[in-house]
Amino acid sequence: MNGFVWLIRRELWEHRAFVYVPLIVGAVMVLLTVLLSGQIINALELASDKVASMSQQEPGAAFGTVVGIFAVAVALFMSFVVLFYLLDCLHAERVDRSILFWKSLPVSDSSTVFSKLAMAMVVAPLIVLASAVVFGLIEMLVLTIDFSAAGLNPWESLWRSSSVFGTILFLLYGVVVQALWHFPLFAWLLLASAFAKRAVLLWATLPPVIVIWLEKLVFDTEWFARQLGDRMIGVFPLAFESVSERQIVINGEGAEIELGAPLAEMINPGPFLTSPGLWIGLIVGALLIAATIWLRRYRDESI
Amino acid sequence: MEALIQARALSKRYGATVALDNASFSVEPGRIVGLIGPNGAGKTTALKAILGLTPFDGELNVLGRDPRRERHQLMQEVCFIADVAVLPRWIKVAQALDLVGGLHPRFRKEKALHFLSKTEIPLGAKVKTLSKGMVTQLHLALVMAIDARLLVLDEPTIGLDIIYRKEFYTALLNDYFDERRTILVTTHQVEEIQNVLTDLMFINRGRIVLDCSMDDIAERFTEVLVGPGQVEEARAMRPIYEEQAFGQKAFMFEGVAREQLEHLGEARRPSISDLFVAKVKGAQP
């Protein structure tokens, strides 16, 4: 286990973008808020009645919203970091022959492949989560100043019953289901990285494009394309109770629904865990990872 | 003592190219074995098979393990420097020390630091900023700090200038080698290692054409410089190779007692490079 931590550390040493991209995205967003403080204060002053009544209706949503926006923004950039990382990580070591150094260490090929996979499935999501929470808190401090300057009570309109814990729980659940759902995509990219001699991106994208094209040509259907789209963004309707459904519940049961942790209430693992899509994805991903490990182990690059 | 490496009938093809052709050999502990052969003779393939880096046919036992299935366990006790400049270019020297320390249970960081203190290599530098010679020194320092039983070196000094080359083998002999360890080295530069080796193995077209200890070479092989008058007489003694040398003919004999040859001309122990040429070129059809 200790060895695995070193493998992760090594990935972070080589791929600095995992650390500095979230830092830059978060810092730029906070900086923009600071720079736009004047306008924000003006807008708040103009709409102070509305803001006050909104925060009466849904107190506690502010923190969740702010952190959510940061999480989405950082995750967007991080997904590109992860994409190019996965395409690169088992290819570059063969190009510069450093694979021979890595293979001289008593580390199994499966540990190596799992460390790369863990970067995409565990490390990157946790960095997104941590940076969203930290920058979200900083953003809340900036907004506190803005709200005070606009004559609003920041405690009442921003912080009161903001559920920090509920928000983190929501994000944690979000990154876990997202990682499990995306697992076959990650595994596919790793396989392309371990397989391709050059043009890894092409090897990763061309086969699915060809399958989609052939399917259209032969059956005139779009099943595979829809599966692929669903695989990329389809986890949220599955794993979260949508806002509109929640609204219905609130209407149905009266005002008794506690409003303290609205985000955490959206967590709805039942349909996710029972969906065939999850389990088929896990099986396909496992097969692709097995193929990747096999390539890393037996591929001989010398000729 | 049991052999450290035991290879029987190793074969390996790359498409139509035969890299290893029924090669059998063994390496005993406490030896420094030079594996020497022309380009494409199968040296690197043999090493890769030993290190578990390539699939092959035949039987191979390294430290009691099958390298095909147990590479990562084997690497606990086997080190290798595959070539110069395979250290990852992005890594800092200090990171490399920490990483190998974290991943290799037999690595001793103080030892590596001690070796590095004798060089000009700064701990904060990235590998890509180091000269070729320094990268090799760093790799050697990493490897020598690992308490391994077998060290495999594939053309370790290729592309290095002469000072680094000499230092490389001096460090290896003085600070690393002892009777518990075994070194297997391939190289083109036969001259620079002939005083280092205890055993010699020639490989040609995937076959082992010579497997001999350095001590036995003088007994098995004799090179004789023969004047023009005695050429036919020398040929009658069935030399394995002959070549033109400064107006005389140089004949290589295998398994002929030196006393029988001395009357032909100046008889001497052959150099490894002459022996290599005789064994490899003499075997050509």
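Predicted model: local features only at pLDDT ≥ 70, side-chain atom pairs only at ≥ 80, totals over all residues.
Is L63(B) buried or exposed? A residue is called buried once 20 or more other C-beta atoms lie within 10 Å of its own. L63(B) has 21 C-beta neighbours inside 10 Å, so it counts as buried. You'll find it in the loop between β4 (57-62) and α2 of chain B.

Now check its backbone. Most residues other than glycine have a negative phi. L63(B) has a positive one, near 50 degrees, and it isn't a glycine. E155(B) is another non-glycine residue with a positive phi, this time near 45 degrees. E155(B) sits in the loop between β6 (150-154) and α6 (162-176) of chain B. With 18 C-beta neighbours inside 10 Å, E155(B) counts as partly exposed.

## A strand wrapped up inside chain B

How many residues of β6(B) are buried? The count is 5 of the 5, so the strand is largely enclosed by the rest of the structure. In a regular strand the side chains alternate between the two faces of the sheet. You can follow that here: L150(B), V152(B) and D154(B) point one way from β6(B), while L151(B) and L153(B) point the other way, and all are buried.

What does β6(B) pair with? It runs parallel to β5(B), joined by 4 bridges, and it also pairs in the parallel sense with β7 (residues 182-186) of chain B, over 5 bridges. Pick out L151(B) in β6(B): C79(B) stands opposite it, and its bridge partner in β7(B) is I183(B).

## A hairpin in chain B

For an antiparallel pair, go to β1 (residues 5-14) and β2 (residues 17-27) of chain B, which share 7 bridges. As one example, Q6(B) stands opposite S26(B) in β2(B). The two strands make a hairpin with 2 residues between them, and in the turn G15(B) has a positive phi of about 60 degrees.

Leaving aside residues up to four places away in sequence, I50(B) touches I5(B), L60(B), V62(B), P67(B) and V152(B).

L172(B), in helix α6 of chain B, has 22 C-beta neighbours inside 10 Å and so counts as buried. L172(B) and M144(B) are 28 residues apart in sequence, but their C-alpha atoms are 7.8 Å apart in space.

Over to chain A, which has 17 helices and 0 strands. Buried residues make up 36% of its 303 residues. Take the contacts in chain A with a separation of 6 or more: 86% of them are between residues 24 or more positions apart.

Helix α8 (residues 109-149) of chain A has 41 residues, and at 1.5 Å a residue it should span 60 Å; its end C-alpha atoms are 58 Å apart, which agrees. Where does α8(A) bend? The bend is at M119(A), by about 45 degrees. Just after the helix, G151(A) takes a positive phi of about 85 degrees.

α11(A) has a kink of about 25 degrees at L206(A), shortly before the proline P207(A). The helix is followed by D220(A), whose phi is positive, near 55 degrees.

## Where the chains touch

Methods:
Residues numbered from 1 in each chain as written. Chains lettered and ligands numbered in written order. Bend = angle between axes of the 7 residues up to and from the residue. Buried ≥ 20, exposed ≤ 12 C-beta atoms within 10 Å, placed from the backbone. Contact = placed C-beta atoms within 7 Å. Expected span 1.5 Å × (residues − 1). Pairing = 2+ DSSP bridges.
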